[in-house]
Structure formats: C-alpha cells, structure tokens
Amino acid sequence: MKKGYFGDFGGCFVPELLMPPLLEVEEAMQKIMPTAQFRAELDDLLHSYAGRETPLTLCPNLSQKLGFTLRLKREDLLHTGAHKINNTLGQALLAKYMGKSALVAETGAGQHGVATAAAAARLGLQCTIFMGADDVTRQASNVCRMRLLGAKVHPVHSGTRTLKDAINEALRFWIRSQESTHYCFGTAAGPHPFPTLVREFQSVLGQETRKQMLAATGRLPDAVVAAVGGGSNAIGMFAPFIHDPEVRLVGVEAAGTGEAGCYNSAPLNLGTDGVLHGNFTKLLQTADGQIEPSHSVSAGLDYPGVGPEHAYLHATGRAEYGMANDAQALNAFQVLCHTEGILPALESSHALAYVLEHPQAFPAGGEVVVNLSGRGDKDMDIVRHALSLEDL
Amino acid sequence: MHSLEQKIRATQSRFALIPYITAGFPTRATFWQQVEELDAHGADIIEIGVPFSDPVADGPVVEDAARRALAEGMSLELLLSELGARKHSLRAGLVLMGYMNPFLQYGLERFARDAAAAGVQGCIVPDLPYEEAEEFRLALRAQGIALITLVGQNTSEERMRLYATVSEGYVYVVSVMGTTGGKGSLPAAAAETLARARKVFTVPLALGFGLEKTSQVAALPVLPDAVVFGSALLRHIDAGNSAASFMQNFVNN
C-alpha cells in the first residue's frame, strides 16, 4: 500500500510548506513513540491524570428491553469529559519530546479544544485554538473552559464558520508557526500521518474494551458500535478488533434532521470521493467539487468529511456504517438518562440510537458494546432547546 | 523548452510579470475585461484562480474572492468554456491555479484535454506536493501542460532536487512562511530560498505571495526571473480601480 494510504484513501494533499513539519511528525512517530520512556510517561498521564482505565458498564435495564447484553465503554468518565484527552495527551507529550513549545488545534464542539488546552497546561506548552465563529456562540461554556485553561481561542469568521473552517485556519497558522508549534489534530482525518497517529493514541479505548470483555465474559463482543464524525473514537474502538472477523464493527453517522436531501454529516452513506484537509476520502460536496455545509444536532459530528481509514473499512466491507438522525439521537439521550442514569454526549447518543432503532440487527442473547465517547453536560443548552424543556 | 519558460526567458533583462486573478472576480460580467487589460498592459503570464470553498494556502483576500466567485456561479467547467471562446485572443501565457478537489471531480484526464484545448499551458495546485502529484502531472504533460512546482523557505535542497527531476515551465518560490496576501517587507530568507532554488533548478524562478510592487523584489540580493502578484491586484480592483492602472503602477515601480 502507498505510504499514508488505506487502500485508495488517505494521502497527504497539503501545501509544500507543510510537508517538512508533517515529515517531522512522521519521524517522531517512528523514533519517539515506541520508546519505553515515552510509553511509560504517556501511560502514567492516561492513568493518573486522565482517569484510565475507564469502566465497561453493563446496562441491565436496557439489556432486558433489547434482548441482548448492552455494555458501554465509559469514555465519558475521562478528564475533560470525552475520549479526546487520549489523543491530546499523546500528541502533547510527543510535541514536547520533539522540542516544540506550543500546540495549535481546531475544535468544533469545543471538546478537542478543551482536551488540548488541558494537555498543554499540564505539560507546559502554549496553546492556540481555532474555532468557527458559529461554534463559539453555540458552545460558549467550552470557550470559557479553554480560556480558563490558558488557551488563546480565535473565532473563525470565514466560510461556513464551523469546524471545517477552523481546520483551514489552524493549517494556515501552522504554516507560519511550525518551527515552535505542533498541530494537535483532533480526529483520525487530515493529512498523513494524522489518521494513523490519532488511531494509535485512541486505540487504548478499544484495547481496554477487548480485555474487559474477555475478563467479564470470556469472549469477544458480537458487535462494537461507535459514532463517526471525523471518526477518532470509532477507529480507536475498531482498530483492536479489525483482525477478529467474528466482531462486527458498526459506525454510526449523523443523518441530520433526517428528511431526504437535508444537510447531514454522513459522507460515508451519502457522500462521494474527494480531497479535503489533506486526504482523499468520502465528502459532502457538489458535483464540481465545492465542499457542502454539514449539519448535526451534535456539533462534534458536524463535519463534511471522514477519516480515510473509515472510507477504506467502508469500501472493503470490514466495517458497516449506519445513520441516526437528530431526533433519534435526542431520544436515545433521554432513554439512557432514564433507564441507566447516564447522561451521554449527543455524539455518543447517535451510536446508542442506532442500537435502539435497530435491535433486530444484533443477535438475541448476544453481546454488544457501544462506545460512550463523551458525557452530555456540554449539551445541556442544545438539549433543553431541542426538547423544549424550558422548565429544566 | 516549455512555452511558459519561453515566455519568461523572452523578457531578458526585466522581471516577467505574472498577475493572479480569481476566475469570476470581481463579477462574472467584468472578469474578462480585467484579463484583457492585464494582457494588454504587460502581463507575460496570467494565472487564473479556480475558486474552491476551502483554500488553505490562501489568505483572506483570495479566499474572499473565491467565495464571491462561487456565489456568482463560477465553476471550472464554466471557466474552461469561456476560456475556449477566447483561445487566440490573449498574448500572455495562461496558467490555472486551483486546489485539487475541483480538478479531481472534473476528471484529471478530461480536464487536461479540455484545458489544453482552451489554451491552458500550466497548472498550479497548492495542495499537491511531490508525493501526490504523479498522476496529475502525467495527465497534464500528455497534453503539453506544465504542473508548476512550488517551493518555500523550508524546502530543503534535497526536496528541491526531487522536484527538479519533474519541474517544467517555471518554479514558484513562496516568499513567506504563510499564506497569500501578507503585507510588508520580504524576509531575508526569501533571498536564501531563491539562492538555493537557483542552484537546483534549471527552469526560471517566479517569486510570489505578499508582493505589492516590483521594488520590493529589486532590493533582494538574489533576483527571481518573474514576480507574481495576486492579493494586491485583487484589492486594487475591488477598490474600484482598473487592472490596467495596477499594471502601470506595478511596472513603473
């Protein structure tokens, strides 16, 4: 396979000025990441700072209703509230070993921005975050958290004023600042080597799941299910199971409001092949190659592209990709609150929604794991508004 | 020798002038008039920007021009058909500058055929580094179109040597560590980059990104063969001035 590719997907479509820093990251991945010292330091951060390992929680009430055993991988319990911290601690530590003094990152919902700001503060790095101007408004409390953690947050007013434009601006900033700064990319997309780098740092959640399943049941799950925006929590869950053909890998994209032709965030299901943000993947685009706006009630899934490894797993059929719409996700959100006392992020609610909407797709009496990638505290305003729960 | 290299070599003792203008800017109705003025007032090569929704190598001026052109309905398909209708009317060499995805959706081989038929001699694709370029380069070369190499301050001599094996037409030397349209004086490193590129490449060197007048360039200890100016021209036109007056001021500088 060509370097940086997953089948036909992936690659490194960036300005020449970004090739030297990307080659530097690739070299650091090969030379620094495998060392015992780096591993030990990262493991300690993940354990004593971020709160790993996270539980694999059995859901007795939902399992009874569904007719199979449902377990949740509890990434919502991590420091800063989502799986994002697995990747930001890894990249921040790598940046430090590379001799960088600063991080730059994009953020959509703000979760990656908060996780980057926390990792930067912990490891003594400067931090600059680019965030779409509309997202700054939608996710004001996360902007506040980032600033409290010492990050400079720049609203991006160009284009659709959301995540994709924040990535454009972060890439531009990185061209200028590459000597001192590492680009802490937030999802398993972007130019090579980011899809591989982010997968490596997120795989810890799938590895734990595998071990915990074996310990609890003596067997592997029939299916693992995860929401897919850029796809970092899903690839982290899928990667350790890829060579276990008996384990179904189920990704869930956001279908948006759900009517035919609506804006959505489901490029694997509804998009076409193209190049955006440095990689060849599935995109929401016009026939002449302009990127279309995406939509999801979940800001963390609101992106018109998807990581290239998911495009590959989709093309080969090793993973299957369904969809859940805004209303189904909001329903799953409430169901989990009521039945199990867990308040999930709207991103993770999409994964759960797929299971609730399609219980027949899973074997009766079987074992299903849903990756609960984040907690829903950040979504209170959106949920209150969407459900018209003004009295909450 | 490629026709674009000939255009630059023909200027001999002066800098070849390469204005950049986004297709459909400032409006679709007045775009071609701008191109004709550039052609009539000393442009040796004209770079026409193919608008894209997510131009990561561009600063706010070019990005805004692209956004407006797209809102006016400009597309690669439309540009090629309008170009074809004017094929023999331009004196200057013709280069399209655009991001990979619109070319990819058009179809690389189909694009190369249609672009050659419309008189296009070169393409600049800012998000297509050496490692990803082979397929497009070969498709273009089969039609006589040069894929223009871009290098910058952080392009090592070793990487330049990679590019040198495949470079045609001219090499675009990016003057700053940044995006298009920065303002102010040229960094000293621009001259170092030119010197390194001069050692490695046999084709002419064009300097661009953030240039506002030729006097900025004339002060450099190492000189390029051509200068590219984009954002400054777009700002000038957007303020209600003519492309012709920009060329006159720029040349007189």
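Colleague: What should I know before we start?
Modeller: This is a predicted model, where local features need pLDDT of at least 70, side-chain atom pairs count only at pLDDT 80 or more, and totals for chains, interfaces and linings use all residues. Residues are numbered from 1 along each chain as its sequence is written, while chains are lettered from A and ligands numbered from 1 in the order in which they are written.

Colleague: OK, how is chain A divided?
Modeller: Into domain 1 (15–46 + 84–194) and domain 2 (51–81 + 203–386). Those bounds come from an automatic or database domain assignment.

Colleague: And how far apart are the C-alpha centres of the two domains?
Modeller: The centres of domain 1 and domain 2 of chain A lie 23 Å apart. Their contact takes 26 residues from domain 1 and 30 residues from domain 2. Two residues are in contact if their C-beta atoms, placed from the backbone, lie within 7 Å.

Colleague: Which helices of domain 1 supply that side?
Modeller: Helix H4 (84–97), helix H5 (111–123), helix H6 (133–138), helix H7 (140–148) and H8 of chain A each supply at least two residues. Helices here are DSSP runs of H or I with at least four residues, strands are runs of E with at least two, and both are numbered from the N terminus.

Colleague: What classes of residue are on that side?
Modeller: The side of domain 1 that touches domain 2 in chain A has 11 nonpolar, 11 polar and 4 charged residues. Ala, Val, Leu, Ile, Met, Phe, Trp, Tyr, Cys and Pro count as nonpolar, Asp, Glu, Lys and Arg as charged, and the others, Gly among them, as polar.

Colleague: Switching to the inside: how many residues does the largest nonpolar core have?
Modeller: It has 208 residues, and those with the most contacts inside it are Val224(A) and Val225(A). Helix H8 (residues 163–177) of chain A gives the most to this core, with 8 residues. Domain 1 and domain 2 of chain A each provide at least three residues of this core.

Colleague: Which residues is Val224(A) in contact with?
Modeller: Leaving aside neighbours within four places in sequence, its contacts include Met237(A), Phe238(A), Phe241(A) and Val369(A).

Colleague: Now the sheets. What's the order in the one with 6 strands?
Modeller: That open sheet runs S3-S4-S14-S9-S10-S13 in chain A, with mixed pairing. Its edge strands are S3 (56–58) and S13 (319–324), each pairing on one side only. Two strands pair if DSSP finds at least two bridges between them.

Colleague: In which sense do S4 and S14 pair, parallel or antiparallel?
Modeller: Strand S4 (residues 69–74) and strand S14 (residues 367–372) of chain A are parallel, over 6 bridges. Leu70(A) stands opposite Val368(A) in S14(A).

Colleague: And the sheet with 4 strands?
Modeller: In chain A, that open sheet has the order S1-S2-S12-S11 and antiparallel pairing. Strand S1 (5–6) and strand S11 (272–276) are its edges. S11(A) is joined to strand S12 (residues 278–283) by 5 bridges, and Thr272(A) stands opposite Leu283(A).

Colleague: Where does chain B come in?
Modeller: 30 residues of chain B are in contact with 25 residues of chain A. H5(B) gives the largest share of chain B's side, 5 residues. By class, that side of chain B has 15 nonpolar, 9 polar and 6 charged residues.

Colleague: Last topic: which bonds are cis?
Modeller: One of them is the peptide bond from Arg52(A) to Glu53(A), with omega near 0°. Glu53(A) lies in the loop between helix H2 (36–50) and S3 of chain A. Another cis peptide bond joins His192(A) and Pro193(A), with omega about 10°.

Colleague: Which residues have a positive phi although they aren't glycines?
Modeller: Among them are Arg161(A), at about 60°, and Gln12(B), at about 55°.

Colleague: Is Gln12(B) buried or exposed?
Modeller: Gln12(B) is exposed, because it has 8 other C-beta atoms within 10 Å. Arg161(A) has 19 C-beta neighbours inside 10 Å, so it counts as partly exposed.

Note on methods:
A nonpolar core is a set of buried Ala, Val, Leu, Ile, Met, Phe, Trp, Tyr and Cys residues joined through C-beta atoms within 7 Å. A residue is buried if 20 or more other C-beta atoms lie within 10 Å of its own, exposed if 12 or fewer, and partly exposed in between; C-beta atoms are placed from the backbone.
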